[in-house]
Amino acid sequence: MGFFFMVILVGFVFGLILNHYLPLLFLKNKKLGALPRGSFGYLPLLGETLAFLKPHPSTTIGSFLQDHCSRYGKVFKSHLFFSPTIVSCDQELNYFILQNEDKLFECSYPKPIHDVLGKISMLVVVGDTHKRLRNVALSLVSTTKSKPDFLTHIEKTTLQILESWKDKKQIIFCEEARKFTFNIIVKQVLGLTPEEPQTSRILEDFLTFMRGLISFPLYIPGTPYANAVKARIRISASVKQIIKERRRNNNIIYNNDDNICENMNINSQKRGSDFLEILLGVDTLSEDEKVSFVLDALLGGYETTSILMAMVVHFVAKSPSALDQLKVEHECIRGKKKKGESLNWEDYKMMSFTQNVINEALRYGNIVKFVHRKALKDIKFKGYLIPAGWKVLPILSTVHLDPSINSSPLEFHPWRWERQDQTGKKFTPFGGGSRCCPGSELARVEVAFFLHHLVQNFRWRVEDDDQPIAYPYVEFQRGLVLNLDHFAL
Ligand code: HEM
């Protein structure tokens, strides 16, 4: 008993020294201002991390931030993810942090995330390597987003999914949405269809990879974390194999005149405009960077987009007037087209109320609660000192739900976007500055096209208590069960 008590006491004193005094010991530039108020917590190394990560509905800011903001203000110090931290729920400081990437602040995800994502993932690299990878991402997205091939494939996949609901009274929407976004992204990135055996292998590894990304980082064989690191290695190997086959096939096409017609038939369907095909021709990236890029695109384009779809479906189910207005908008677009004609980029541009609904779901639902940064030098902001080397967490959700920025922020009200600027400093669901999400427009077009057919063919009801929870990654507890009324197709 005495020994047990001693262990707790030593742990407590050790925690105090480690969390409270060490960070302060190394502060040099006290002239710049005082540290914001706050608490480092008492758990050795973890500080307040467990309280910070406590799950809460993603449409609220959660009890930790509620409590700390009312006690210390919108900017406070804490000890999170093994590091002394400045937490910002302040719109101006968030904007300042995001705009000064690489100058005053730098992207800094926890080390275990590096091990799962890989050392050259775009979310992890900084400086010139980041710029090179990002330029490729931006140009791929800008050439893809309005291409008829891409748009037609989104529509075809939507119709396949909705067709499969025809005889069902109930579905688990998150599963359907994941199927939808995975089929789209795997086709767009690697040119693979769901029927190909490689697709199901990659999907299986990918699910293991995702589970590990959000698990406790314990590298012991059999833990979700260790499985994820291994799954990532297997996905890389699969992508390398696909690259090898693609190169071999392309060589056959270009070099073997005798067989050109035969091989063209096989490959012309697979080649075309998928990311991999374009990447193979990019000489600013190494082979490993190309493989890592493919993983980033699969990861970025899968879970977040499917959660956005689920949020829209969830919020619209509770807002009959938004659903009616969506229906009118999409019927009007369909009314101008021939029977069975595909949607195109011009149609997408006409979906203005749909964009308001998507914006509102992004604002209210907060898919990404915060991003990880660190201060590169001592910085003074509004009289506070942000010390060099400290972690800095701009919280995106608190700005979206701040009543001094958005009136009635806890209501789903898409009409607010008829007046409100969606490109401004106050709306950052995709981050901001030189790290702003390159895939945002792809996600928007996928959701808009899916809604086009959904609202014209189905009515749905959701169970009241199934809401989006920030773990902090967002998930619906029961996968969002929809009760369907089917009236066309
Ligand atoms: C609703 C859907 C999406 C949301 C809410 C979202 C959100 C975000 C956010 C907040 C960041 C910034 C991270 C940071 O600053 O540290 C980001 C970055 C990124 N996203 Fe997305 N994203 C979405 C869809 C996509 C899609 C469809 C793709 C790819 C096809 C994608 C690929 C990426 C990549 C590669 C980055 C890293 C960018 C960089 O570091 O320069 N995302 N995303």
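Residues are numbered from 1 along each chain as its sequence is written. The model is predicted, so local features need pLDDT of at least 70 and side-chain atom pairs count only at pLDDT 80 or more, while totals for chains, interfaces and linings use all residues, and side-chain values use heavy atoms, without hydrogens and water.

**The sheet**

Helices (H or I, at least four residues) and strands (E, at least two) are DSSP runs, numbered from the N terminus. An open sheet is built from 5 strands in the order E2-E3-E9-E6-E4, with mixed pairing. Its edge strands are E2 (75-80) and E4 (105-107), each of which pairs on one side only. Two strands pair if DSSP finds at least two bridges between them. From one strand to the next, the twist averages 35 degrees. Helix H3 (residues 62-72) packs on the sheet and touches E2 and strand E3 (83-88), where contact means heavy atoms within 4.5 Å. The direction of H3 makes about 130 degrees with that of E2; axes are lines fitted to C-alpha atoms, for helices over the stretch in contact, and angles run from 0 to 180 degrees between N-to-C directions. Strands E6 and E9 (residues 391-394) run antiparallel and are joined by 2 bridges. Arg373 has Val392 in E9 as its bridge partner.

The iron atom of the ligand has Cys437 (SG) as its only protein donor, at 2.3 Å. Donors are N, O and S atoms within 2.8 Å of the metal (3.2 Å for Na, K and Ca); water is not among the atoms, so sites may look incomplete. Cys437 lies in the loop between helix H17 (396-400) and helix H18 (440-457).

**Aromatic contacts**

The whole structure holds 26 aromatic pairs. Rings of Phe, Tyr and Trp (its six-membered ring) pair if their centres lie within 6.5 Å; planes under 30 degrees apart count as stacked, over 60 as edge-to-face and the rest as tilted. Two of the pairs are listed here.

| Pair | Type | Centre to centre | Angle between planes |
|---|---|---|---|
| Phe40 and Trp390 | edge-to-face | 6.0 Å | 65 degrees |
| Trp417 and Phe427 | tilted | 4.5 Å | 50 degrees |

Phe40 lies in the loop between helix H1 (2-25) and helix H2 (49-52) and Trp390 in the loop between E8 and E9, so their pair ties together parts that are 350 residues apart in sequence. Both Phe40 and Trp390 are buried, a term for under 20% relative accessible area, with exposed meaning over 50% and partly exposed in between (1.4 Å probe, protein chains only). Trp417 is buried at 6%, as is Phe427 at 8%.

One aromatic cluster is formed by Phe52, Phe64, Tyr72, Phe76, Phe81 and Phe370. The face of Phe52 has Lys369 over it, at 5.2 Å from the ring centre. The charged end of Lys77 sits over the ring of Phe40, 5.7 Å from its centre. For such a contact, NZ of Lys or CZ of Arg is within 6 Å of the ring centre and within 35 degrees of the ring normal.

**Backbone features**

Most residues other than glycine have a negative phi, and most peptide bonds are trans. Asn366 has a positive phi of about 50 degrees and is buried at 3% relative accessibility. Asn366 is in the loop between helix H16 (352-365) and strand E6 (373-375). Lys382, with phi near 45 degrees, is partly exposed at 48%. The loop that holds Lys382 runs between strand E7 (379-381) and strand E8 (384-386). Tyr471 and Pro472 are joined by a cis peptide bond, with omega about 20 degrees. Pro472 lies in the loop between strand E11 (468-470) and strand E12 (474-476).
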